[in-house]
Amino acid sequence: TKAETFFIREFNRDAGMALMFATLRSSGDQRLTPILAALATSGDKRVRLAAVDIAGEILTAKDAATILRDRFLHDRVMTVRAKALVELELIKSLTLADLNVALGIDDDEIRLLAARALVRRGKAKQATAALVALTKSRDRDTELFARMTLLAAADTAQLPVLQTALNDSKCRVDLRRLLLAQIREEKITHAAKLLDRFTAITWPLETQTLAWMAINSVDPAATRRLEQAIATSDNPILQMNLLRMLSSRTDATAALERIAKRKDLIGQVAKFELVRPHGKIAASGTADALLAQGHPIVIEYLLRRIGEDIAAAPARSDCYAKVLGAFIRTTKIHPTRMTAAHDRAARAVELLGRLATPAALGELRTLLTKDASIPRRSLVAAALYRCDNKAIAVLMAPLLRCGYPRVQTYAALRLAKASDPRAVGVLMQLQKQVSLEDDVRTLVQ
């Protein structure tokens, strides 16, 4: 089709590649299978890598797996094969047969990925020989990841080498953090004794946080330790991260009740965590009061937690509709410049779009049609482009005639994403009448 030809041509032009990649990703359209299948066999390895990167995100698992497995088995570039292997694992389509093939490929990264996957599946015996061989790799990263994976398989002989490597002042920051992340993600209980050192305030905040996340994953005494760390820390960002970890634990109620007695923001957020699983009015009231204070750290925390609630139980989360609507209405939107506040308001819009209950849609309708701020209307319309449910397309259809070109553009793009033919004429007309940014012009085409 013309659309397929256009996208494939643009992906093969340096100037258009990044934009076309972003456009395909943002579309979320499962009908892109022919385009991605063609891109995945391009003569340009960058194009093949881009196609592999987004296939699992937007296609059905079956269609994505066909493309990804073909690249894993047959691509001539090991980076593309390794990425395809990772993506197959992410969409839960990686088979034992795939892993056995991967172990036989003469590439350290691919063999390491396969060995780690086997250990996660409880099949460490099949991976041991490859992991032992990888500990002799000339690449230090590969060696240490292999040793950590052997530790995950209960080979505690790896502890001294790993401890020395992690404590070495010459260890790269990113490598240390990746190893801490591996402990958390793979729940490597035998690595618990490696972690305490990195919770000290002498380490950068990100390293401290990763160490605590790993402790939360592998230490049976994590609840007590997290509560103590919240009490002794004077860093509000770290405290909020620790509180989020603590709140995710099933044995944390008593600890949260003690923290909720504090007279500061941490105490107020702990109160929110205590009421979240229970009364709707209490949860929304507490969230509203916290958002009204305007503290950026707290706003980030609440938006994340509300998003988790919406994903887990949309009906129960309907209580947040008015809270999010009020937050968006009271956020100052700069007419020409992106700000942190702009980004947080856009995330709140997306949460309402994902919630999509009558109350949430009512808040969005008011924001789109009655809000006095045109920059705010534009922000809401733009943020809703990323929401894929049909109710949002229906909600935005009347905006095609709203009289505000930028809002009309986003509405038309959203309807085009839903294959609504009403968008075509509007987009063609807007392309003639309005001076659009380069990215929007390409989307229109």
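Predicted model: local features only at pLDDT ≥ 70, side-chain atom pairs only at ≥ 80, totals over all residues.

Biologist: How many helices and how many strands does the chain have, and what percentage of its residues count as buried?

Modeller: The secondary structure comes to 27 helices and zero strands. Residues 24 or more positions apart make up 58% of the contacts with a separation of 6 or more. The accessible surface is about 21400 Å², and carbon and sulfur atoms hold 55% of that surface. Among the 445 residues of the chain, the share that counts as buried is 50%.

Biologist: How many disulfides does a search of the whole structure find?

Modeller: Cysteine 171 has a relative accessible area of 11%, which is under 20%, so cysteine 171 counts as buried. Cysteine 387, with a relative accessible area of 3%, is buried as well. A disulfide would need two cysteine sulfur atoms within 2.5 Å, and the number found in the whole structure is zero.

Biologist: What is the distance from the first C-alpha to the last in helix 21, and which helices are included in what covers its buried residues?

Modeller: Helix 21 runs over residues 340–355, and its 16 residues reach 23 Å from first C-alpha to last, close to the 22 Å expected at 1.5 Å a residue. Its buried residues are His342, Arg344, Ala345, Ala346, Ala348, Val349, Leu351, Leu352, Gly353 and Leu355. The cover over these buried residues includes helix 19, helix 20, helix 22, helix 23 and helix 24.

Biologist: What is the phi of alanine 356, and where is that residue found?

Modeller: Most residues other than glycine have a negative phi. Alanine 356, although not a glycine, has a positive phi of about 55 degrees. With a relative accessible area of 24%, alanine 356 is partly exposed. Its place, just after helix 21, is the loop between helix 21 and helix 22.

Biologist: Is alanine 154 buried or exposed, or does it fall in between?

Modeller: Alanine 154 is found in the loop between helix 10 and helix 11, and its phi is positive, about 75 degrees, although it is not a glycine. Because its relative accessible area is 44%, between the 20% and 50% limits, alanine 154 is partly exposed.

Biologist: Which helices are included in what covers the buried residues of helix 6?

Modeller: The 13 residues of helix 6 should span 18 Å at 1.5 Å a residue, and the end C-alpha atoms are 18 Å apart, which agrees. Within helix 6, the buried residues are Val80, Arg81, Ala82, Ala84, Leu85, Glu87 and Leu88. Helix 6 is followed by lysine 92, with a positive phi near 60 degrees. The cover over the buried residues of helix 6 includes helix 4, helix 5, helix 7 and helix 8.

Biologist: Which residue's side chain does a polar contact join to that of arginine 249?

Modeller: Arginine 249 lies in the loop between helix 15 and helix 16. Not counting residues up to four places away in sequence, arginine 249 touches Asn216, Asp219, Pro220, Ala222, Thr223 and Leu226. The polar contact has a length of 2.7 Å, and the side chain that it joins to arginine 249 is that of threonine 223.

Biologist: Is arginine 177 buried or exposed?

Modeller: Arginine 177 sits in helix 12 and, leaving out residues up to four places away in sequence, touches Pro204, Glu206, Thr207 and Leu210. Its relative accessible area is 18%, which is under the 20% limit, and therefore arginine 177 counts as buried.

Definitions and conventions: Residues numbered from 1 in each chain as written. Heavy atoms only, no water. Helix = DSSP H or I, 4+ residues; strand = E, 2+ residues; numbered from the N terminus. Expected span 1.5 Å × (residues − 1). Buried < 20%, exposed > 50% of the residue type's maximum accessible area, 1.4 Å probe, protein only. Contact = heavy atoms within 4.5 Å. Areas by Shrake-Rupley, 256 points an atom, 1.4 Å probe, with all protein chains shown as cover. Polar contact = N/O pair within 3.5 Å; in protein donor to acceptor, adjacent residues only side chain to side chain.
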